[in-house]
Amino acid sequence: SSRLEYAKIAGMDSEIVAKTLKEYKGGVKSKDYQPLNKYGYGALMRSATKDLSWEELDAVAKYVNGLK
């Protein structure tokens with residue numbers, strides 16, 4: 001059986017993580033943000049981020065950056 005492999009997110013740049021989470025959440029009115037559906041995870045990630053504020057998404061990104 002084959003195992004699904006995911007990219008490691010520990011230590012990722014917090015600005016990139018925050019931008020990605022905000023794109024999944026949607027509602028950003030900037031040409032620099034695009035709605036995401038990477039690998040078909042759009043609906044799942046949207047539901048996981050919809051109740052979080054921008055500040056909370058920034059905090060999650062900072063946390064991920066601090067993981068080693």
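A residue counts as partly exposed when its relative accessible area lies between the buried limit, under 20%, and the exposed limit, over 50%. By that scale Asp32, at 45% relative accessibility, is partly exposed. The model is predicted. This briefing covers its salt bridges, the lysines placed over aromatic rings, and a nonpolar surface patch. The structure holds four salt bridges and zero aromatic pairs.

**Salt bridge Lys31–Asp32**
- The side chains of Lys31 and Asp32 meet in a salt bridge, with an N to O distance of 3.3 Å.

**Salt bridge Lys22–Asp58**
- Asp58 forms a salt bridge with Lys22, and the closest N and O atoms are 2.9 Å apart.
- Lys22 belongs to helix H1 and Asp58 to helix H3 (residues 54-66), so this pair ties together parts that are 36 residues apart in sequence.
- The side chains of Lys22 and Asp58 are also joined by a polar contact of 2.9 Å.
- Lys22 is buried because its relative accessible area of 12% falls under the 20% limit.
- Asp58, at 36% relative accessibility, counts as partly exposed.

**Salt bridge Lys19–Glu23**
- A salt bridge of 2.7 Å, N to O, links the side chains of Lys19 and Glu23.
- Lys19 and Glu23 are four residues apart in helix H1, so about one helical turn separates them.
- Glu23 counts as buried at 11% relative accessibility, while Lys19 is partly exposed with a relative accessible area of 30%.

**Lysines over aromatic rings**
- Lys19 also lies over the face of Tyr33, at 5.2 Å from the ring centre.
- The charged end of Lys25 sits over the ring of Trp54, 5.8 Å from the centre of that ring.

**Nonpolar surface patch**
- Leu4, Tyr6, Tyr39, Tyr41 and Leu44 make a nonpolar surface patch of about 640 Å².
- One of these residues, Tyr41, is placed in the loop between helix H1 (14-25) and helix H2 (42-49).
- Tyr41 is partly exposed, with a relative accessible area of 30%.
- Three of the patch residues named here are tyrosines, Tyr6, Tyr39 and Tyr41, yet the structure holds zero aromatic pairs.

Conventions: Residues numbered from 1 in each chain as written. Predicted model: local features only at pLDDT ≥ 70, side-chain atom pairs only at ≥ 80, totals over all residues. Heavy atoms only, no water. Patch = residues over 30% accessible without salt bridge, like charges linked within 9 Å, V, L, I, M, F, W, Y side chains within 5 Å. Areas by Shrake-Rupley, 256 points an atom, 1.4 Å probe, with all protein chains shown as cover. Helix = DSSP H or I, 4+ residues; strand = E, 2+ residues; numbered from the N terminus. Buried < 20%, exposed > 50% of the residue type's maximum accessible area, 1.4 Å probe, protein only. Phe/Tyr/Trp six-rings, centres within 6.5 Å; stacked < 30°, edge-to-face > 60°. Lys NZ or Arg CZ within 6 Å of the ring centre and 35° of its normal. Polar contact = N/O pair within 3.5 Å; in protein donor to acceptor, adjacent residues only side chain to side chain.
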